[in-house]
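I opened my notebook for a friendly look through one structure. Here is the model I had on screen.

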Amino acid sequence: MALLMVTLVKEHGLQYLLAATVLTGVLQIIAGWLQLGTLMRFVSRSVITGFVNALAILIFMAQLPELTNVSWHVYAMTVAGLGIIYLFPYVTKAIPSPLVAIVVLTAVSILLGLDIRTVGDMGQLPDNLPVFLLPDVPLSLETLQIIFPVSATLAVVGLLESMMTASIVDDLTDTSSNKNRECVGQGVANIASGFLGGMAGCAMIGQSVINVKSGGRGRLSTLAAGVFLLLMVVFIGDWVARIPMAALVAVMIMVSIGTFNWASIRNLREHPKSSSVVMLATVAMTVGTHDLAKGVLVGVLLSGFFFAQKVGRIFHASSHTEDEGRMRVYTITGQVFFASAERFVNSFDFKEAIEKVRIDVGRAHFWDITAVSALDKVVIKFRREGTEVEVTGLNEASATMVDKFGIHDKDGAADMLAGH
């Protein structure tokens, strides 16, 4: 999300970002009302797996700068943090082990006076609560033209990442979520953020995984996380600033390990090659561009391509002669659409010297205008050769398509529909 805001802030200033954030929220609410959350049905399991694995890799890569060119104390603290995170649950699960690791490592760092990077070294923490303000931008069509493209992109990317995260959390908790309500909720939150001086945001996979693995199951846990974070940075910021980065690195390494779908590596040989290609392509694009939206887009496009290819193979054509060889009957079985239209056309022998051809499509279905165009092409080519053509067996949906978009025989298609 942050990558999409840089140009707007650079060229027009922070106030335009706040206005864009409010508009982003409005667009996301509209998306929820339009039931666009149901589009997640078109995101395959392979894409979600690739999305998860890419996030795990990116989370781990983000920790590497904190582990390069540092003293041995940092490595020791990181290893100790991982030890606490993975071993403390054997003592009790009442307290989340990542929280214990952060508290213990912070105490050790302070008591020993270790010279290692802390949260305070990363930048200044806020020391006051946010206040309500209206974005200081002119309410004009020009302003809308400036912020709308950014807001639309933020809305799409934000919803995409949030819906993917929701699907992952659904799997972890064995529950189902209302994706359209999530769209509206995120929109309301972004509107509030814009009026409080914040930028547009979306679901965060790392924090979501930590929350779920720490026992959080409802929305109250995420609300509590936000409230505690606000109180901590504003009122006890001096203590938060002393948390060693090594402790947070240990937590995020745990997140990356827990997020990565290790079974997907074993399944590379067992699953269909097309599914593995989709998963690996999603990972490669996401890690290569550091852009989750591009990775998911590539995965969805590849899934659609492979699906069309598979369905296109569900097609068969056979023929036999009748009426003492004066008529040939072609029997078409399967799905005729853009991926199989060429095979449909190539199934006919247009040069055969015969009086009449009957094309029986009672076991076939015509899905799109490419299929209708292919049928037009077949009928017209036969007629050019002086052959009489009869198309029979069109189901109601296919006959409606042919009647609406076909050009070879408008009246014939209507008659076939009525006869059916």
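My entries on helix packing, cysteines and one serine follow.

**Ground rules.** I am working with a predicted model, where local features need pLDDT of at least 70, side-chain atom pairs count only at pLDDT 80 or more, and totals for chains, interfaces and linings use all residues. Residues are numbered from 1 along each chain as its sequence is written, and side-chain values use heavy atoms, with hydrogens and water left out.

**Entry 1: α4 and α11.** I looked up how helix α4 (residues 72–87) sits against helix α11 (residues 245–259): they pack at an angle of about 50°, with axes 8 Å apart. Helices here are DSSP runs (H or I, at least four residues), numbered from the N terminus. The axes are lines fitted to C-alpha atoms over the stretch in contact, and angles run from 0 to 180 degrees between N-to-C directions. α4 and α11 are therefore oblique to each other; under 35 degrees counts as roughly parallel, over 145 as roughly antiparallel, 65 to 115 as roughly perpendicular and the rest as oblique. I noted the crossing of α4 and α11 as right-handed, meaning that the near helix is turned clockwise from the far one by less than a right angle.

On the α4 side the contact (heavy atoms within 4.5 Å) includes V74, M77 and L82, and on the α11 side it includes V249, I253 and I257.

**Entry 2: α16 and α17.** Helix α16 (residues 369–384) and helix α17 (residues 396–405) cross at roughly 70°, and their axes come within 10 Å. That angle is why I logged α16 and α17 as roughly perpendicular to each other. I369, V372, L375 and D376 of α16 meet M401, V402 and F405 of α17. This contact divides into six nonpolar, no polar and one charged.

**Entry 3: cysteines.** How many disulfides does the structure hold? I found zero, taking a disulfide as a pair of cysteine sulfur atoms within 2.5 Å. C183 is in none, and its nearest cysteine sulfur, that of C202, is 12 Å away. C183 counts as buried because its relative accessibility is 2%; buried means under 20% relative accessible area, exposed over 50%, and partly exposed in between (1.4 Å probe, protein chains only).

**Entry 4: S276.** I placed S276 in helix α13 (residues 273–289). Is S276 buried or exposed? S276 is buried, with a relative accessible area of 10%. Not counting residues up to four places away in sequence, S276 touches N267, L268 and H271.

Technical notes: Helix = DSSP H or I, 4+ residues; strand = E, 2+ residues; numbered from the N terminus. Nonpolar A, V, L, I, M, F, W, Y, C, P; charged D, E, K, R; others polar.
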